[in-house]
Amino acid sequence: MDYDQARWTEGARYEPLLAEKSTCEVDVADGPLPDDLTRDSLELPDLSEPELARHYTRLAQMNYGVESGPIPLGSCTMKYNPSFTEDVAAHPKAAVHPDRPDQSVQGTLELCHRLQDYLARIGGMDAVTLQPPAGAAGEFTGIQIAKAYHEHNGADRSSVVIPDSAHGTNFATAAMAGYHVVELPSDDDGRVDVDALEAAVDEDTAALMLTNPNTLGLFERDIEAIADVVHDAGGLLYYDGANLNALLGRARPGDMGFDVMHYNVHKTFATPHGGGGPGAGPVGVTEELASFLPRPHVRRETGAEGEAGAGTTGFEYYDPAHSIGKVHGFYGNWPVLVKAFAYIARLGDSGLRDTSAKAVLNANYLAEQIPYDVPFGPFHHEFVASAGDQDAADVAKGMLDHGVHPPTTKWPEIVDEALMTEPTESESKRSLDHLAAAFDAVAGEADGTLADAPTRSTARRIDQVGAARDPQLCWQRLDRSDFGN
Amino acid sequence: MSDSGPPTTGSPYVPHSPAETQAMLDAVGVDDVEALFDVPDSVAFDGDLGIDARSEQAVRTEIAALLGHNADLTEFLGRGHYGHYVPSLVEDLSRRSEFLTSYTQYQPEVDQGFLQALFEYQSLLVELTGLDVANCSMYDDATALGEAATLSQRVRSVSGDRILVPEHLRDGKRAVLENYVDGPGCSVASYPMDDGCVDVEALAAAMAEDVAMVYAETPTARGVVEERAGAVGDLADEHDALFCLGTDPVAMALLERPADVGADVVVGDAATLGTGTAYGFGLGLFATREEYLRQVPGRLVGASEDAAGQRAYTLTLQTREQHIRKERATSNICTNQAWVALRAAMHAAWLGPDGLVDLAEDCVTRPRDLAARLDEVVGLQAPVHDRHHFREFVAHVDQPARVVVEDLAREGYGVHAVGDHRIQVCATAQPPQREAGFVETIAEVA
């Protein structure tokens with residue numbers, strides 16, 4: 001399969017910036033406010049709608065999404081996003097103001113309640129909040145819940161234990177919540193070393209943050225022993241939901257002993273990632289932690305016996321007794337949650353189980369086909385290959401010329417020149433064979449030839465060092481001599 | 001089959017034929033896919049989740065029926081979430097799958113389109129704020145404010161752990177701020193307001209060496225145009241505290257430039273462009289001065305050059321970010337609101353400078369006119385604050401506000417109750433022609 005990405009050029013640049021096409025400076029004086037309260041003028045691009053339509057169409061053409069081809073980025077779960085969830089989320093009655101009284105948004109609240117219930121079932125959790133607007137915000141919510149729980153019990157705990165293979169967000173989240181991070185080295189099999197964990201955990205441990213299967217695609221088989229070690233020390237077990245796709249309908253964090261977890265709906269439940277968000281990061285907890293959830297929380301309300309409205313049911317917001325407060329100004333990324341609900345309802349039990357089956361089959365099949373060394377195993381939904389003598393970044397740029405998006409590179413750091421690959425369930429055998437062929441072709445490249453790659457993408461290799469050394473972060477600060485008019 | 005879609009005995013989004021599945025199992029060397037699951041029996045789940053699979057059409061019908069339980073309400077609601085009209089161009093082009101289904105731009109050579117759109121978004125905010133640097137999004141205004149507070153902890157030259165905020169602050173913002181500063185161990189305290197604007201003398205009295213950041217808003221939570229932002233900036237400057245100003249892109253098109261009133265950081269919700277009413281779904285705006293560049297949270301897009309000598313864009317200064325710096329990152333943010341930022345940039349481009357200024361002027365004249373009409377209603381005085389307003393205003397009602405709000409809701413209109421005898425009305429969320437019915441109705445219930 002040959003592939004060339006669209007490329008619109010004009011002079012020494014790709015599609016010009018809007019401001020390079022036309023700007024207009026508007027005088028803001030003489031408006032409805034006194035001059036001392038207003039700015040003097042405003043200069044912005046000034047183009048007609050047809051020109052804008054063409055601009056953004058060209059930009060879209062110079063961009064790569066899941067409908068352009070596979071994006072096997074490890075730990076990102078970039079699966080196909082069905083179109084119909086966009087349609088249902090665009091329903092006019094979904095577009096309501098967040099300050100409406102509960103009675104006038106019963107449909108919205110019931111949908112939230114149903115999604116909370118679905119997620120609780122999938123995670124084996126007792127209660128779920130939908131408020132965190134992304135996975136990292138979910139982590140922050142979960143760690144704040146753990147902190148509030150310990151404080152409520154009079155415990156002063158200062159550290160969070162995190163394996164060296166964990167997502168960077170885990171470390172950043174723990175630090176943001178004011179915790180000292182204890183990094184846990186992986187064992188020779190790429191998993192948590194229970195002895196090392198015992199040594200790392202003590203009366204200061206607030207929580208262990210764990211991804212299972214971990215970022216190497218390996219299931220932590222000793223999870224019950226891990227849970228015992230953490231719980232015996234009085235800590236809580238936090239589940240990073242980034243890799244939940246591998247376990248749908250087959251294993252549940254709650255059953256493994258996790259006390260608190262987040263879900264990445266933009267990964268597991270196919271809500272589009274939108275070039276970097278929005279996502280949503282609902283958090284599930286055990287009964288013991290439910291009173292610490294962010295406020296407000298949605299519950300089903302039943303009219304009390306003997307009172308007006310007895311026997312009728314509705315939905316309402318309430319503030320959990322020991323709530324950590326809020327993690328989003330309103331109730332989270334609502335439109336994303338509607339899409340997640342639609343996706344889960346479409347799949348049901350059988351679809352969820354089929355998802356994890358094919359995600360795991362695809363990863364293991366692809367791992368068999370590629371020419372690079374794949375340490376550890378057996379794999380769940382992803383694997384980490386080592387590019388060995390090749391630079392993983394060069395391998396990635398080489399793969400771009402084969403019409404595929406490359407894996408996550410150089411991470412986790414415990415594998416040399418890591419190529420962290422997660423094909424997801426939505427790639428066909430034909431697509432996986434093409435991915436394997438791209439790996440093969442790039443692995444066969446002689447030393448140095450990959451330094452020229454990519455040649456068929458919109459842009460050639462970009463000078464990222466230069467971009468960081470001399471940051472140019474807006475059109476106002478670009479060299480004006482570049483401007484076309 | 002009368003229903004739509006393939007049978008739901010598995011995932012409809014899995015492309016494998018039985019023959020392909022078998023060929024792959026053979027290649028892997030197992031008889032059954034279950035053999036690939038390395039999950040101990042003791043924690044394996046073999047139960048039923050009890051979630052029925054439905055056809056696409058059935059799900060669509062179900063969600064429409066659920067949302068049908070939402071009342072028809074003509075919303076005169078604001079207080080941080082606004083329903084400006086979003087042009088079709090934005091709806092249509094932002095949904096192109098190359099934008100919608102793409103990932104964070106870790107391979108910039110194939111994601112030039114999104115990177116350029118985000119660069120244009122950052123540029124829009126630089127022009128509007130007058131500051132040097134804008135990131136390409138936070139979750140919402142509340143989380144952006146939280147990030148500003150933690151930034152103030154990192155950059156302030158002397159130690160300080162107090163964040164000052166106006167007494168008129170939406171609870172959601174304050175609660176999120178308190179969560180964000182819990183880790184660094186800061187406290188949040190409020191300073192008084194005077195007829196809807198900052199009480200500068202009271203603020204001056206509250207200033208001390210332990211203040212790390214002073215936050216003010218324009219428009220305020222009560223819809224008042226803040227007339228004393230410059231004085232707040234001066235006070236912050238005198239005490240080596242950061243001045244963080246909360247606002248939004250529509251307001252900035254008309255009001256004094258944040259840079260000109262001494263703002264060190266600008267936060268707010270940029271979802272006033274490009275999103276419309278979406279149950280509090282936001283777009284956190286974050287801009288600051290060049291000297292804090294390396295302490296900025298979140299993603300930054302920069303212009304560079306590719307091997308062909310063409311200008312090209314890339315994520316840059318990533319050593320601030322969690323995936324590189326881990327616990328020493330400036331923030332834990334990873335997934336942000338990139339697609340919402342794309343929509344805001346598209347909406348601003350569609351409006352152009354004239355259109356954006358016109359929209360901002362409507363946000364002044366429409367509440368002014370509506371307040372004047374309500375002021376003529378018996379039992380109502382509007383606006384409460386003798387100030388200029390933006391989008392919304394507070395009105396006094398002789399009846400208990402709760403009763404007025406409930407009566408209005410029964411008649412199909414939504415306003416906020418913000419005090420025992422105060423309601424807040426947003427005039428820009430609805431087409432102007434809806435205002436006549438609203439005024440008639442409130443005259444009956446107030």
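View 1. The side chains of B:Asp141 and B:Arg170 come together in a salt bridge, at 3.8 Å from N to O (a salt bridge being a side-chain nitrogen of Lys or Arg within 4 Å of a carboxyl oxygen of Asp or Glu). The pair ties distant parts of the chain: B:Asp141 sits in helix H6 (residues 141-155) of chain B, while B:Arg170 is in the loop between strand E3 (162-166) and helix H7 (171-180), 29 residues apart. Helices (H or I, at least four residues) and strands (E, at least two) are DSSP runs, numbered from the N terminus. Both B:Asp141 and B:Arg170 are buried, where buried means under 20% relative accessible area, exposed over 50% and partly exposed in between (1.4 Å probe, protein chains only).

A word on what you're looking at: this is a predicted model, in which local features need pLDDT of at least 70 and side-chain atom pairs count only at pLDDT 80 or more, while totals for chains, interfaces and linings use all residues. Residues are numbered from 1 along each chain as its sequence is written, chains are lettered from A and ligands numbered from 1 in the order in which they are written, and side-chain values use heavy atoms, with hydrogens and water left out.

**View 2. Another salt bridge in chain B, between B:Glu227 and B:Arg387.** Here the closest N and O atoms are 3.2 Å apart. This pair also links distant parts of the chain, 160 residues apart: B:Glu227 is in the loop between strand E7 (211-217) and helix H9 (229-238), and B:Arg387 is in the loop between strand E13 (380-381) and strand E14 (392-397) of chain B. B:Glu227 is partly exposed, with a relative accessible area of 31%, whereas B:Arg387 is buried at 17%.

View 3. A:Glu413 lies in the loop between strand E13 (408-409) and strand E14 (418-421) of chain A, and B:Lys326 in the loop between helix H11 (322-325) and H12 of chain B, so the pair joins two chains. A:Glu413 is partly exposed, at 48% relative accessible area; B:Lys326 has 13% and counts as buried.

**View 4. The contact between chain A and chain B.** Chain B puts 172 residues into the contact and chain A puts in 194, with contact meaning heavy atoms within 4.5 Å. About 15,800 Å² is buried between them, 61% of it from carbon and sulfur atoms; buried area is the accessible area (1.4 Å probe) that two parts lose on being put together, summed over both. B:Tyr13, B:Tyr279 and B:Arg311 supply 7% of the area that chain B buries against chain A, more than any other three residues. Between the two chains there are 16 salt bridges, one of which pairs A:Glu86 with B:Arg95 at 3.2 Å, N to O. On the side of chain B that touches chain A, helix H12 (residues 338-375) gives the most, with 16 residues.

**View 5. A:Tyr14 and its neighbours.** A:Tyr14 is found in the segment before helix H1 (18-21) of chain A and is buried, at 4% relative accessible area. Beyond its neighbours within four places in sequence, A:Tyr14 touches residues of both chains, including A:Trp8, A:Met62, B:Gln310 and B:Arg311. The backbone oxygen of A:Thr458 is 3.4 Å from a polar atom of the A:Tyr14 side chain.

**View 6. The largest nonpolar core.** This core has 213 residues, and A:Leu197, A:Phe269 and B:Val214 have the most contacts inside it. A nonpolar core is a set of buried Ala, Val, Leu, Ile, Met, Phe, Trp, Tyr and Cys residues joined through side-chain atoms within 4.5 Å. Helix H10 (residues 334-369) of chain A brings the largest share, 19 residues. Among the residues that B:Val214 touches are B:Leu164, B:Tyr191, B:Met207 and B:Phe243, not counting residues up to four places away in sequence.

Terms used: Polar contact = N/O pair within 3.5 Å; in protein donor to acceptor, adjacent residues only side chain to side chain.
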